[in-house]
Amino acid sequence: MNLIIWLIVGGIIGWLASIIMKTNAQQGAFLNVVVGIVGSMLGGWLISPLLGAGSINQSDFSFGGLLVSLIGAVILLAIVNLFRRGKAR
């Protein structure tokens, strides 16, 4: 059951991050899930120690955990845009 919730929340976080970074038209549902989950891992490693909150990968479904995951997903999309287009946007 946790896997299903993890995939759904990862998809929503990836979708929100793609809306923030204006890459929503380029991504499908699968890429939104991947961006959400990988971005959560990135946020868990980089931002979690700064804010003191876990990420969705650490089973932290609090507001702080979702925020850390969203920030990590936005950072991931900025890095991808930087390599793909030469600018983070």
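Colleague: Where in the chain is Val-38 placed, and is Val-38 buried or exposed, or something in between?

Modeller: The model is a predicted one, and what follows is computed from its atoms. Val-38 lies in helix H2, the element that covers residues 29–46. The relative accessibility of Val-38 is 37%. Buried would require under 20% and exposed over 50%, so Val-38 is classed as partly exposed. For a distance from this residue, take Ser-18: Val-38 and Ser-18 are 20 residues apart along the chain, and their C-alpha atoms are separated by 13 Å.

The helix that holds Val-38 belongs to a chain with four helices and zero strands. Read from the N terminus, the order of elements is α-α-α-α. The chain has a radius of gyration of 12 Å, close to the 12 Å that the globule rule gives for 89 residues, so the chain is as compact as a globular protein of that length. Along the principal axes, a box of roughly 35 × 30 × 15 Å is filled by the C-alpha atoms.

Contacts and surface complete the setting. Taking contacts between residues at least 6 apart in sequence, 55% join residues at least 24 apart.

How values were computed: Residues are numbered from 1 along each chain as its sequence is written. This is a predicted model: local features need pLDDT of at least 70, side-chain atom pairs count only at pLDDT 80 or more; totals for chains, interfaces and linings use all residues. Side-chain values use heavy atoms; hydrogens and water are left out. Helices (H or I, at least four residues) and strands (E, at least two) are DSSP runs, numbered from the N terminus. The radius of gyration is taken over C-alpha atoms; the globule rule is 2.2 Å times the number of residues to the power 0.38. Contact means heavy atoms within 4.5 Å. Buried means under 20% relative accessible area, exposed over 50%, partly exposed in between (1.4 Å probe, protein chains only).
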